[in-house]
Amino acid sequence: MPRYRGYRSSYKKRRQNSEGKKSGLRRKIKRLWTLIKLLVLVAIIGGIALLYHFYRLDSMIADKFDKPLRWDLPSRVYSDADYLYPGLDIASRGIMAKLDRLGYRNTGDKINGPGDYSKSDDSLSIYLHDFKYPNEIFAGFPVRLSLQGSKIASIKNLERDDEVEVVRLEPEQISSIFNDKMEDRTIVTLKGVPQYLVEAIILIEDERFFDHGGVDPIGIVRAAIANLKSMRIAQGGSTLTQQLVKNYFLHSRKSFTRKINEMIIAYRIERTHTKAEILEAYLNEIYFGQRGASSVSGVAEASKLYFAKNVDQLTVGECALLAGMIKYPSRYNPITHPEQSRERRDFVLGRMREKNLIDEKQYKNALSEKIVTPKRKVRISIAPYFVDLVKRQLADFYPAEVLQTEGLRIFTTLDMFSQLSAEKAVIAELKTLEEKFSKILPQEHPDPLQACLIAMQPSTGYVRALVGGRDYGTSQFDRCTQAMRQPGSTFKPFVFLTAFDPSRSNKPFTPATLIDDSTFEVEAGGKLWRPKNYDKKEHGLVTLRRSLEKSYNIATAKLALEVGLENIVETARDAGITSDLIPVPSLALGSFEVSPMEMASAYTIFPNGGIRAQPISIIDVMTKDDAVLEKKTIRMRKEFDAAPVYLATGVMRGVMDNGTGAGARARGYNAIAAGKTGTTSNYRDAWFVGFTPKLLALSWVGYDDNADMKMSGGRAALPIWTNFMKKAEPQGSGDFTGPSDVILVKVDRITGGLLNRTCPEGIYEAFIEGTEPTKECDEIRTNTESFEGF
C-alpha cells in the first residue's frame, strides 16, 4: 500500500508538471498570437497612414504642380514711358540716372547688345531694351544721340542708319504687389532659354539628370565618398528634381522627414511628368538671391536683375555665370562679388569645354567676356504714396488675391523725373523751413512738419508726381488724397471766375472793376462776421486784379456777396470740388475742407481754358499673357466759357509777378506761370497752386494735428512748388492762349480806367469784348485818398 501511494503521488506530480508545461506553452502561444495581431494591426494602420501620406503627397502634386499656372506671380506697377528728342537736355532731365534705374549697363566705348549704353563727350549710344507695351511689342535697336553740350542735337537709328525724331525709353518698374511669399519671377518656356544655359545648369547641378528617375543612388554614393574624403560637405546628392521639390513643395530646413518626402515626391513627379516639363519648372523656380525683401526666382528674372536683358539674349559667359550661381547665389552675385563670380563662371566654362558643350573659340571668347552688370538699385520701391493710390484704385475692381497672384502689369501716368524732383523738393524745403523758422514753429511739437505735393498734366489729368508726406517709412498717411484741409485763399480764384463770367454772376465784373477793401460786418448763422486782411490793414478802393494779387480778404468777401454765394458754390461744383460747400460769407475765404487732390483737379480748368480734367493715375492694365484687361480713357469735360477763365488766369499771372506768389520769381523761377497762395486764418494750413499751360502743381504744408505754424502759403508752401517747378518745368511751356472774344486794353494800374498822360502807370488788361472801360483814369480819380497808394 505505501508503494502504491508513492507511485500515485509520483504520477500526479508528473501529470501536473506536464499540464503546467502545456499551460505555459498555451500562454506563450497566446502572447505570441496577441503580438502577431498587434503587429498586423500596426502594419495595417501604418499601411493606411502611408497610403494616406502618399495620397496627400499626390494631392499636393496635383494641386500645385499639375496646373497650367504653377506660381503666384506678383502684379507689377510701371511708370509712364520717357522720350528723347532733339533739344532735350539730358543732364537737367537726369537721363543718365534713368538709364541706371532701367538697368542699362555702361559697357565703355561701344554697345554690343540690348541693355548696353556708352557715353562720350559728344554722343550717347544706347541699345534699347525690348518691351511689351499695351497693344505693341517693341523690339529694341541701337541708337546714337549726338550731343551739343548736354543737349541732344540729333538721333540716329544705327540699325537702319537713318535719323529719327524721337526715341522712347521704356517705363520703369516702380513697385510689385506681392503675396506673403514675396517671390519675384518672370515665367519662361524651355524653348525661350538658351541651350547653353540649360546645358550648363544640368552639367553643374545634375549631370545624370536624363539617366535617373528623380533620385540618383549613384550620385548619392559619389557625394558621400567625396564628403568623406574631404571631411566636409563638398557635394550634394540631390538631383534637379529633388531641388525643384525642395523649393516648390517643401522647405529648406534640413531634416530626415523632409529628405524622405523630397525623394518620394521627386520619384512620383518623374513618373507623371516628362523631363522637359520638370526642367522647365526648375528653370522658373530656382532661387537666385534677393532684391530687397523679395526673392528672385527663375532664370528669366535673374537675367534681368544681373544683366538687364531678357534670358534669350544672354551670352555664353553669362549663361555659365548664372548656372554657377545656383549653388551659392549670394557668394557668386556678380554685382556684389564680381571676382568670386568671375572665378565661378570660369570654372563652369571649363567644365563645359571638357564635355564639348562649347568649342575652343567659344571657350576663349567667353573667358574674355567682361562681366558688366547694371548699377545696384538703392531704392526698390519708388513713389510709395503714388503706388498706394494705384492699389486703392485697383482694389475697387480686382480682389487682392488677383493682384498678388495673377501677374498683372499696371501702366501708370507717373513721370519718374517729376516724381524724384518732387520728393527732393519736399524733403529739402521742409528741412529749410524747420531750420530757418525754428523760433516761429511750435516748440517741442511731438510730430514733424508735414507736406504734400501733386503734379498733374492739365491737358490729360495725368498725375505725374505725388508725394503724400515727408517720410513714407514713418507715416503712410497720404496727405494728397486722404487729408481734408481748409484751402484758405486758394479758393479765391473761383470767386473771381464767377465774377468775370456774365452767365454766373449777379453783376458784371472785370479785372479792372473797383471794389472797396474796407472793413464791414455781415450776419451769418446768427452771428456777426467780420473778415480781416492778412496784414491787418484796409486798402480802400482797389481793382479786382489788385485784390487777388495781394489776396485781400475784405475785398474778396465783399465781392462774393455781390456775385452771389450760391453762384460761387455752383462754380466750385462745376470745377470738380465735391466736398461740402455751404453758401456762407466765409466760403469765399476757403473756410470749408477739401483734399489737395480735389483742389488740384479743380484748378485744371484754368490752364485748360474751362475744360475740367479728372485725375488719372492708371492708363492700362494687362494680363500676364499680354492681353489688355482695362484701358483708362482721359476724362475731360468743358464746364466754363474760355473768356472768363482766361481773365482769371491772367490775374493769377499777376499773383506770380506782383503779388503773394512773387517769391517764386525771387527764387529764380522766371517762366510764364499763374497761381495762388493759400493761408488759413489760424495758420494751420499753407498752400500754393501754380501752373503753366502744360503742368500744374500743388503744394501744402502743415501739421497733422492742425497745430498753428504761424507761416503763410507764400512762406511755407511756395518754396516747395518753386523748387519742384525749376526742375520739372524750368523753361515753362509758352503763354496761355486767349480766346477770340478777349481783347487787351491798356489801363491805369490803380484806377482801372483808360490810360492817359495823367496816369503813367499802365498795364495791358484783358477784357471780354464789350466790357472794356469807357472812362479815363483821371475821371475816376475824383477822390484820390480812397485809392490804395494815393
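User: I would like to start with accessibility. Does Cys-319 count as buried or exposed?

Analyst: Cys-319 counts as buried, at 1% relative accessibility. The model is predicted. The cut-off is that a residue under 20% relative accessible area is called buried and one over 50% exposed, with partly exposed in between.

User: How many disulfides does the structure hold?

Analyst: A disulfide is a covalent bond between the sulfur atoms of two cysteines. In this structure there is one disulfide. Cys-759 and Cys-777 form this link, and their sulfur atoms are 1.9 Å apart. The link is right-handed, with 105° about the S-S bond. Cys-759 is in the loop between strand 30 (742–748) and strand 31 (762–768), while Cys-777 is in helix 24 (residues 777–780), so the pair, 18 residues apart, links distant parts of the chain.

User: Are the two ends, Cys-759 and Cys-777, buried or exposed?

Analyst: Both ends fall under the cut-off. Cys-759 counts as buried at 1% relative accessibility, and Cys-777 is buried with a relative accessible area of 0%.

User: What parts does the salt bridge of Asp-626 and Arg-409 tie together?

Analyst: In this salt bridge the closest N and O atoms of Asp-626 and Arg-409 are 3.9 Å apart. Asp-626 lies in the loop between strand 24 (618–622) and strand 25 (628–631) and Arg-409 in strand 16 (residues 409–412), so the pair ties together parts that are 217 residues apart in sequence. Asp-626 counts as partly exposed, at 28% relative accessibility, and Arg-409 is buried, at 12%.

Arg-345 and Asp-346 also form a salt bridge, their closest N and O atoms being 2.9 Å apart. Arg-345 and Asp-346 are buried.

User: Which residues are linked in a network of salt bridges?

Analyst: The network links Asp-82, Arg-93, Lys-98, Arg-101, Glu-172 and Asp-415.

User: Which residues gather in a patch of positive charge on the surface?

Analyst: The patch brings together Arg-26, Arg-27, Lys-28 and Arg-31. Of these, Arg-26 is placed in helix 1 (residues 2–64). Arg-26 is exposed, with a relative accessible area of 54%.

User: How many of the nine residues of helix 5 are buried?

Analyst: Helix 5 (residues 240–248) is mostly covered, with seven of its nine residues buried. Among them are Leu-240, Gln-242 and Tyr-248.

User: Lastly, where is Lys-727?

Analyst: Lys-727 is in helix 23 (residues 718–728). Lys-727 is partly exposed, with a relative accessible area of 35%. Its C-alpha atom is separated by 9.5 Å from that of Ala-425, 302 residues apart along the chain.

Definitions and conventions: Residues are numbered from 1 along each chain as its sequence is written. This is a predicted model: local features need pLDDT of at least 70, side-chain atom pairs count only at pLDDT 80 or more; totals for chains, interfaces and linings use all residues. Side-chain values use heavy atoms; hydrogens and water are left out. A disulfide is a pair of cysteine sulfur atoms within 2.5 Å. Helices (H or I, at least four residues) and strands (E, at least two) are DSSP runs, numbered from the N terminus. Buried means under 20% relative accessible area, exposed over 50%, partly exposed in between (1.4 Å probe, protein chains only). Patches are made of residues with over 30% relative accessible area and no salt bridge: like charges are joined within 9 Å, nonpolar side chains (Val, Leu, Ile, Met, Phe, Trp, Tyr) within 5 Å. Accessible areas come from the Shrake-Rupley method with a 1.4 Å probe; for residues, only the protein chains shown count as cover. A salt bridge is a side-chain nitrogen of Lys or Arg within 4 Å of a carboxyl oxygen of Asp or Glu. Lys and Arg count as positive and Asp and Glu as negative; His and the chain ends are not counted. The place of a charge is taken as NZ of Lys, CZ of Arg, CG of Asp or CD of Glu.
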